[in-house]
Amino acid sequence: MESNAVVWFRKGLRIHDNPALDYACRGSSHIFPVFVLDPRYLHPDPSAFSLGSARAGLNRIRFLLDCLLDLDSSLRNLGSRLLVLRGHPEPASVICRILKDWNIRKVCYEFDTEPYGQARDRQVTDFARQLGIEVFSPVSHTLFDPAEVIKKNGGRPPLTYQSFVALAGKPPDPLAKTYSELPPVGNVGKVELLNIPTIEELGYRDIEQEEFSPFGGGESEALRRLNEVLKDKEWVANFEKPKGDPSAFWKPATTVLSPYLKFGCLSSRYFYHCLHSVYLTVGKHTSPPVSLVGQLLWREFFYTVAFGTPNFDQMRGNKICKQIPWKDDDKLLVAWREGRTGYPWIDAIMIQLKKWGWMHHLARHSVACFLTRGDLFIHWEKGRDVFERLLIDSDWAINNGNWLWLSCSAFFYQYHRIYSPISFGRKYDPDGKYIRHFLPVLKDMPNEYIYEPWTAPLSIQKKANCIIGKDYPRPVVVHDRASKDCRKKMGEAYAKVGSAEEEDDTAASESTTIQKRKRQT
């Protein structure tokens, strides 16, 4: 009797260190490598503020299609292929249908920690078990099983990086398995198979975007980039996160491996293993939290807290999030989102985000602080939505975790420490090369005024062919006044939250005392 297995790709778009693929191959006469096109992430949304679907901008969609093409190529080299299906009405129902139609004995897919993925996977798991189909869903998108870390912590997610690292321990080694061939694809019957679509075939025909992300997707590119990084062992050993240059763009001052980790083109376990091999070779190296291994552990920390915190992606109903009365100002939000705040450092970063779908982590810190507690006092959820849409490495747990952190809503509470939209960028790039590239309207502005062009005399502005208020906007706020006002509002919000927490503690204490008295009586 034939033994058929489905390996369902969602993230984990790779061959190396893929436990779901490995298990699907064991004892199977045929395997069906499947990817379901999810309309939630791919269908065009004309009402969105930029080209893309309801959930993803065009850069991330293009990156995903690159990943699928590369995965299909790798599978074909092993005598298999990627079976692409239309996710109508949604992916879970499509998977349930093929499990029955293809006479599947086991279905394998890596564990997903996100709420959307959890709900989708429960539907498939329940259906499969009703039919007696074996389900194998290993933890392989992260170094650790978030549920296990939370269990070690008494059922609560650890809320500090240090406590997480102490609990997590050492991650398992990656699978060393390599393949010369895979079991063949079985008979798909009347199920409609699709080619991996192009952007145009998805419905994006009138594309006006001038520039796209320079980072291509796929496992092959991920491993190539990783090998390039690992060649410079001294750089790997001495990497220290706070010392990166956010203004370096053609050769970023970081690995740019986050998009490949997000889509699972690169195994986090394999990356961790490679870094430790370098550390053993070099000897002296930086340590967490600032080292490259430290950055992987930050990823794990946010995944774990997000997995164990209901409503992690919002302020209301999120028990770890401070309730701050952010203001609602669509005009300021759009100015920030479109790179028209009048602060060149902030605007250049937002233009890089729109064009490339990526920017350095310190650049992200700058614009997130500016939008929230630094200058505009706009809700972090609004900024989170923009990042979620435009970043090619947008990751639900990490994106929400960083916005909670940078808005001082959770994890980090020194709200008085504000990134200057003027001096912070100038420290790294006094000549304004980054600004001149992403804001060519300012390319002829003298160095003296490049970060504060509104201070340039009119004669200088005319000579630079950039009149402030006409060719480039005036600042939407005065930073010194705005940041002072933000600090005041944050202080008031913290005081109010503190009072509420004390009242809750007092009420809880009184309730406990009453219960004790009742029991004694």
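**Overall build and local details of the predicted chain**

Residues are numbered from 1 along each chain as its sequence is written, and side-chain values use heavy atoms, with hydrogens and water left out.

Along the principal axes, the C-alpha atoms fill a box of roughly 85 × 80 × 55 Å. Of the 521 residues, 55% count as buried; buried means under 20% relative accessible area, exposed means over 50%, and partly exposed is in between (1.4 Å probe, protein chains only). Contact means heavy atoms within 4.5 Å, and among contacts between residues at least 6 apart in sequence, 77% join residues at least 24 apart. As for charge, there are 70 positive and 62 negative side chains, and the centres of the two sets lie 3 Å apart. Lys and Arg count as positive and Asp and Glu as negative, with His and the chain ends not counted; each charge is placed at NZ of Lys, CZ of Arg, CG of Asp or CD of Glu.

The chain holds 21 helices and five strands, which are DSSP runs numbered from the N terminus (helices are H or I, at least four residues; strands are E, at least two). One of the helices is α3, residues 58–77, whose 20 residues should span 28 Å at 1.5 Å a residue; its end C-alpha atoms are 29 Å apart, which agrees. The expected span is 1.5 Å times one less than the number of residues. Helix α3 is mostly covered, with 14 of its 20 residues buried. Just after α3 comes Gly79, with a positive phi of about 80°.

Another helix, α16 (residues 380–390), contains Glu388. Glu388 counts as buried because its relative accessibility is 16%. Not counting residues up to four places away in sequence, Glu388 touches Arg55, Arg60, Ser394 and Asn399.

Cys408 has a positive phi of about 55° although it is not a glycine, and it sits in the loop between α17 (396–406) and α18 (423–428). Phe411, also placed between α17 and α18, has a positive phi near 75° and is not a glycine either. Cys408 is buried at 0% relative accessibility, and Phe411 is buried at 15%.

Two cis peptide bonds turn up in loops as well. One joins His88 and Pro89, with omega about 0°, and Pro89 lies between β3 (83–86) and α4 (91–101). Another joins Pro288 and Pro289, with omega about 10°; Pro289 lies between α11 (268–282) and α12 (292–308).

Finally, Asn447 is in the loop between α19 (433–438) and α20 (458–463). At 35% relative accessibility, Asn447 counts as partly exposed. Leaving aside neighbours within four places in sequence, Asn447 is in contact with Pro430, Asp431 and Arg436.
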